[in-house]
Amino acid sequence: MAQAYVMGWTTQEIRTRGMALFGAANGLGFVLSPAMSGSMASIGLTAPMYVAAILLFLLAIIFLVYIPQERNREISRQSISLSPNDSRIRHYLWIGLVLSFALNIVQVTIGIFRTGQLRL
């Protein structure tokens, strides 16, 4: 949804900058969220979940107040048919599948290894 807002609010000239800002914010969230959750875990193991829920609720209220409602306008869209077997994207889909599979294996393996080390 955030990408759709960036695409809708930016002009073609500054759209790349808007999407780069969105990507940077997303990456920053991936880095800072575990650190913040880890520091809040000293308060209690459920504290990060409550804080995340409160932050999401506050952000929803802020967005409802500050983001203007779009007027109903007719958008002309082209119907584009794209299949996973299309030669233009097949290579990228396989790369994404292999990388996702490898990342999941690494995450699970590291989790099991650390659990064994900590004797949990």
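The accessible surface of the protein chain in this predicted model amounts to about 11,200 Å², and carbon and sulfur atoms account for 67% of that area. Of the 120 residues in the protein chain, 7% are buried. The secondary structure comprises 4 helices and 0 strands, so that, by the definition of these elements as DSSP runs numbered from the N terminus, the order along the protein chain reads α-α-α-α.

Helix α2 spans residues 15–40 and contains 26 residues. The distance from its first C-alpha to its last is 36 Å, close to the 38 Å expected at 1.5 Å a residue. A bend of about 30° occurs in α2 at Leu 32, and a proline, Pro 34, follows within four residues.

Phe 63 belongs to helix α3, which covers residues 47–66. With a relative accessible area of 48%, Phe 63 is classed as partly exposed, because this category lies between the limits of 20% and 50%.

The count of salt bridges comes to 1. This contact joins the side chains of Arg 88 and Asp 86, with an N to O distance of 2.6 Å. The two partners fall into separate accessibility classes: Arg 88 is exposed, at 58% relative accessibility, whereas Asp 86 is buried, at 18%. Asp 86 is assigned to the buried class because its value is under 20%, and Arg 88 to the exposed class because its value is over 50%.

Note on methods
Residues numbered from 1 in each chain as written. Predicted model: local features only at pLDDT ≥ 70, side-chain atom pairs only at ≥ 80, totals over all residues. Heavy atoms only, no water. Helix = DSSP H or I, 4+ residues; strand = E, 2+ residues; numbered from the N terminus. Buried < 20%, exposed > 50% of the residue type's maximum accessible area, 1.4 Å probe, protein only. Expected span 1.5 Å × (residues − 1). Bend = angle between axes of the 7 residues up to and from the residue. Areas by Shrake-Rupley, 256 points an atom, 1.4 Å probe, with all protein chains shown as cover. Salt bridge = Lys/Arg side-chain N within 4 Å of Asp/Glu carboxyl O.
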